[in-house]
Amino acid sequence: SGRVKLVIYDNFYQLSSSDAFNDDKKRIVIHYPSIKKDRDKILKNQLENYFIIDNSYEMYKVKMIGNFLKNKQEFKHEVTELVGEFIGKNIFIVAAGPSLDKNLLLLKKKPSESVIVATGTVLKKMLKLDIVPDYVIITDAGETTYIQTEGLVRGDVPLIYLSTVYYRIPHNYLGDKFFICQKGFPEAEQYAQDNGYP
């Protein structure tokens with residue numbers, strides 16, 4: 001039929017730079033038992049990593065579509081409405097990490113002409129220390145993300161969220177909400193195109 005192409009390469013670099021890896025309309029199918037028998041350990045590891053990532057995406061794809069359909073209904077604002085809030089300012093993106101505890105209290109004296117964007121992982125910790133970020137951004141589609149905003153009773157930190165974020169986050173969030181259509185997720189790309197969003 002011409003729809004299937006057998007690709008044989010000596011190394012992963014040749015394979016990963018081929019058309020098959022760089023075309024969204026093509027799907028790569030890897031025979032997993034063959035990977036397990038491969039004698040080239042580097043190639044084997046690279047293919048196994050690709051296999052795991054590809055399978056994870058396929059498993060999450062259904063969740064992402066479900067989240068997207070529900071999040072679309074919550075839509076009130078699109079993220080580019082905020083552009084003016086960021087122009088000419090210093091942006092501090094605060095995420096979890098080893099340096100967080102050491103530097104977090106510095107944000108209490110927020111410099112003028114600056115914007116603090118917290119990731120969901122640090123939002124509650126910041127609020128507990130009376131550091132109120134200008135925005136919180138959450139992008140993960142997994143249910144475990146919900147703990148980041150669950151139980152918040154304040155609505156003074158606007159939420160910026162990816163169109164496929166776990167749906168209960170924007171549904172139950174009390175503050176303003178700003179929707180992001182991401183590249184690489186066809187439903188979001190189509191929604192953006194249909195509504196004139198980037």
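User: What should I know about the model before reading residue numbers off it?
Analyst: This is a predicted model, in which local features need pLDDT of at least 70, side-chain atom pairs count only at pLDDT 80 or more, and totals for chains, interfaces and linings use all residues. Residues are numbered from 1 along each chain as its sequence is written, and side-chain values use heavy atoms, with hydrogens and water left out.

User: How many helices and strands does the protein have?
Analyst: There are eight helices and six strands, where helices (H or I, at least four residues) and strands (E, at least two) are DSSP runs numbered from the N terminus. Their order along the sequence is α-α-α-β-α-β-α-β-α-β-β-α-β-α.

User: And what percentage of the residues is buried?
Analyst: Of the 198 residues, 34% count as buried. Buried means under 20% relative accessible area, exposed means over 50%, and partly exposed lies in between (1.4 Å probe, protein chains only). The protein exposes about 13200 Å², with carbon and sulfur atoms supplying 54% of that area; accessible areas come from the Shrake-Rupley method with a 1.4 Å probe, and for residues only the protein chains shown count as cover.

User: Changing topic: how many salt bridges are there?
Analyst: The structure holds three, a salt bridge being a side-chain nitrogen of Lys or Arg within 4 Å of a carboxyl oxygen of Asp or Glu.

User: Which residue pairs with K177?
Analyst: K177 forms a salt bridge with E74, at 3.7 Å from N to O. K177 belongs to strand β6 (residues 177–180) and E74 to helix α3, so the pair ties together parts that are 103 residues apart in sequence.

User: Are those two buried or exposed?
Analyst: K177 is buried at 8% relative accessible area, and E74 is buried at 15%.

User: Where does the D134 pair sit?
Analyst: D134 bridges to K110, with the closest N and O atoms 2.9 Å apart. D134 is in the loop between α6 (120–128) and β4 (135–138), and K110 is in the loop between α5 (100–103) and β3 (114–119), so this pair ties together parts that are 24 residues apart in sequence. D134 is partly exposed at 23%, as is K110 at 36%.

User: What does R154 pair with?
Analyst: The R154 side chain meets that of D156 in a salt bridge of 2.8 Å, N to O. R154 is partly exposed, at 31%, and D156 is partly exposed, at 42%.

User: Last one: where is G66?
Analyst: G66 lies in helix α3 (residues 41–74) and is partly exposed, at 28% relative accessibility. The C-alpha atoms of G66 and Y166 are separated by 9.0 Å, although the two residues are 100 residues apart along the chain.
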